[in-house]
Amino acid sequence: MAASVYATPMERAWYYFHRLLCGAVLLFLIAPIFVVLPLSFNSVPFFTYPLSAFSLRWYQEFFLTDRWQGALHNSIFVAVSVTLLSTVLGTLAALGLSRPNFPWRTAVMTILISPLVVPVVITAVGVYFFYADAGLLNSFTGLILAHTTLATPFVVITVTAALTGFDHSLTRAAAGLGAPPVTAFFKVTLPLILPGMISGSLFAFLTSFDEVVVALFVASTNQRTLPKVMFSGIREEISPTIIAAATVLTLFSIIMLTTIELLRRRSERLRGIRNT
Amino acid sequence: MATTAVRSTGSPKGMPLHLKLRRVERRQKLKAFILVLPLLLFILIGFVLPIGRMLFNAIHDHTLLTLMPRTMTALSEWEGRDLPDEAIYAALIADLKDSWAQKTATAIGKRMNYELPGSLSQVVLSARKASLLTSGPYKEAMIEISPLWGRQDVWNLMKRGTSAYTDYYLLRSIDYQYGPDSQIVASPPENAIFRGVFLRTLSISISVTAVTLLLGFPVAYLLATLPSRSSNLLMIMVVLPFWTSLLVRTIAWVVLLQQHGVVNETLIALHVISQPAELVYNRVGTIVAMTHIQLPFTLLPIYSVMKTISPTYVRAARSLGAGPFYAFWKVYFPQTLPGIAAGCLLTFILCLGYYITPALVGGAADQMVSSFVAYYTNEELNWGMASALGAILLTATLLLYYSFNKLVGVDRLKMG
């Protein structure tokens, strides 16, 4: 679409100004990622262009030193536990919530997704006080439970969305043909909501994997996660290794979220929802 | 009709059909509820309870009540006009002796120090010396040990401690405190920082919201009017940063804006400036980084509303003789208002709670409420203050969120 041939000079100027402004804003949006992440391939620890030489030394440091590897392992361990826990809890709740005539649905839903709304510092401080009394401070259990509260809303939302338009007569038909409820769930319901469940669990994984504030409050150095190490590193002095870690993290979330998007499309196609 | 009536009353166990139906429905409701129950309990215990307790901490403080039980009992009779009598001093000494033996004198001193700076050392000193006292008269002895115990304001502070509930922390959060006679007065300038903190939080949030609207609206308009092939391509540029971790984006801004960062070096190379500009660890850095993070949150709701606006209205206005700007302003713009309201409110709510970004790119004098909540929790260990500031922030957030919910509906929140 070019400027209309009938446009006055004023309109034409406005049109190009608008395009220019949009270009600048879009550049502003993606520049930080595309300008900063390549700096992790610089052979010297400076953050300026042009790069003096291409080098993988910061990735070597990231993948081969104990400090970063320990953090990566901790992060993966915590995130996987959170994913399992929140997927089970969230899917069960979503199944219950989308049954017809569920009592007090709005109120229950509000409580279940409230961790998304409350500022994360408040959650962190509340959980910190609570754990100080419950003896869960500085433990993996505590960190996993706290991250699970933050991650389950995503599972509840995605699985509930996957269940909208779910035809309940399918499970009834299965029951009518003699399937016990458990068989009906695994053979009929689960395959249909699986895309929603997987994207919910990927969201849960990313929530825990990226989370830093709660980890700063409730975890000690024994449970230090990748974002925690990055946070403390940047407070002292930014080393290119942090940028290398950031690049790995970013690639990781891009891959995961692309998967989520593809799954969402597939799920919509399966359930016959037209893209509006 | 007759047969149905007979059938419904004549079911096998002699129960009317509608009762049976109701019973089955109740059982189904119960089953649905049992599915939700594990998560509901988990969230209630692991999230709602801790936050509720934190809110309770903002008004509940029984430090003096539990650590000085005898003095507090004796003080409940005291009128508060003159210094207390010998019996209360005797109770005080007994409590201080206990506190010295159980090493709780510091806790008492710390609590009193919040309201009367300088009393911590005096209380610990008094406890140590009181433990050596054997006989009265106690009143003179105590005032001899520390002039603290001869002060009316100290005793009024102790008297306030007889209640387990206090509004001291909430008052402090809005820059009020108790005067010597337990009256509410404005905090002295060195303590009166919190109204400034709240105002700063508000002004940063408003600026970021305004900037995201100014930058986001034209882009949303472009995306909504372009043919879908090119708009999808541009959409990736909006969604990609949305998908990147907040920490990564904040780090990226530090790297870009720091003294010898990409932006400064580029500007110097282009001879725009001769000295590196101060772009990070101040308000500029905070606003730039927060705008970058919040821009998609403002843009996407506006975009989704614009997608639903039919271009025929503007065309009709044009054909009726309206100029391009007039048609846009009078016909198109009003239809985008719901999207603008939703996007701006969402950004504003999220901005209020920012912690990581101001902590990393903001200056020391530029911290928002969240940082003070964290500071009082981790550094000062003054949990009452942390709770009170948190309570105010949470209340504001929930009220705004409630109006957001009325306006848009929580189900329409999109996640990328």
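Author: Start in a loop of chain B. B:L116 sits between α6 (105-115) and α7 (119-130) of chain B. Bear in mind that this is a predicted model.

Reader: Why is B:L116 called partly exposed?

Author: B:L116 has 17 other C-beta atoms within 10 Å. Buried needs 20 or more, and exposed needs 12 or fewer. The count of 17 falls in between, so B:L116 is partly exposed.

Reader: What does B:L116 touch, beyond its neighbours within four places in sequence?

Author: B:L116 is in contact with B:D153, B:V154 and B:L157. B:Y178 is 62 residues from B:L116 in sequence, and their C-alpha atoms are 9.9 Å apart.

Reader: Is B:E79 buried or exposed?

Author: Exposed. B:E79 belongs to the loop between α4 (69-75) and α5 (86-101) of chain B. B:E79 and B:N156 are 77 residues apart along the chain, with 9.8 Å between their C-alpha atoms.

Reader: What makes the phi of B:S182 worth a note?

Author: The phi of B:S182 is positive, about 65°, although the residue is not a glycine. B:S182 lies in the loop between β1 (176-178) and β2 (184-186) of chain B. B:S182 has 13 other C-beta atoms within 10 Å.

Reader: Which label does B:H271 get, and how do you know?

Author: B:H271 counts as exposed, because 7 C-beta neighbours lie inside 10 Å and the limit is 12. B:H271 also has a positive phi, about 60°, and is not a glycine. The loop that holds B:H271 runs between α14 (262-269) and α15 (283-307) of chain B.

Reader: How do you know whether helix α20 of chain B has the span expected of it?

Author: Compare two values. Helix α20 of chain B, residues 383-407, has 25 residues. Its first and last C-alpha atoms are 35 Å apart, close to the 36 Å expected at 1.5 Å a residue.

Reader: Which residues of α20(B) are buried, and what covers them?

Author: The buried residues include B:W383, B:G384, B:M385, B:L393 and B:L394. Their cover includes α5 (120-134) of chain A. From chain B, it includes α2 (17-57), α10 (168-173), α17 (324-352) and α19 (369-378).

Reader: How many residues of each chain are in contact across the two chains?

Author: 66 residues of chain A are in contact with 67 residues of chain B. α1(A) gives the most to the side of chain A that touches chain B, with 13 residues. By class, that side of chain A has 52 nonpolar, eleven polar and three charged residues.

Reader: What makes a set of residues a nonpolar core, and which members of the largest one touch the most others?

Author: The members must be buried nonpolar residues joined through C-beta atoms within 7 Å. The largest such core has 155 residues. A:V125, A:V213, A:V214, A:V218, A:M230, B:I251 and B:V373 touch the most other members. α6(A) gives the most to this core, with 14 residues. Another core, of 27 residues, lies apart from it and includes B:I93, B:A105, B:I108 and B:I145. In soluble globular proteins, nonpolar side chains tend to be buried together.

Reader: What does A:V214 touch, leaving out residues up to four places away in sequence?

Author: A:V214 touches A:V120, A:T123, A:A124, A:V127, A:A146, A:H147 and A:L150.

Reader: Where does domain 1 of chain A end, and how many of its residues contact domain 2 of chain A?

Author: Domain 1 covers 1-55, and domain 2 covers 62-270. Seven residues of domain 1 of chain A are in contact with seven of domain 2 of chain A. The C-alpha centres of these two domains lie 34 Å apart.

Reader: Where is confidence in chain B lowest, and where is it highest?

Author: Lowest in helix α1 (residues 2-9) of chain B, at a mean of 45. Highest in helix α11 (residues 194-225) of chain B, at 93. The mean pLDDT of chain B is 85, and 95% of its residues reach 70 or more. The model scores ipTM 0.86 and pTM 0.86.

Notes: Residues numbered from 1 in each chain as written. Chains lettered and ligands numbered in written order. Predicted model: local features only at pLDDT ≥ 70, side-chain atom pairs only at ≥ 80, totals over all residues. Helix = DSSP H or I, 4+ residues; strand = E, 2+ residues; numbered from the N terminus. Expected span 1.5 Å × (residues − 1). Nonpolar A, V, L, I, M, F, W, Y, C, P; charged D, E, K, R; others polar. Domains from an automatic or database assignment. pLDDT = per-residue confidence, 0-100.
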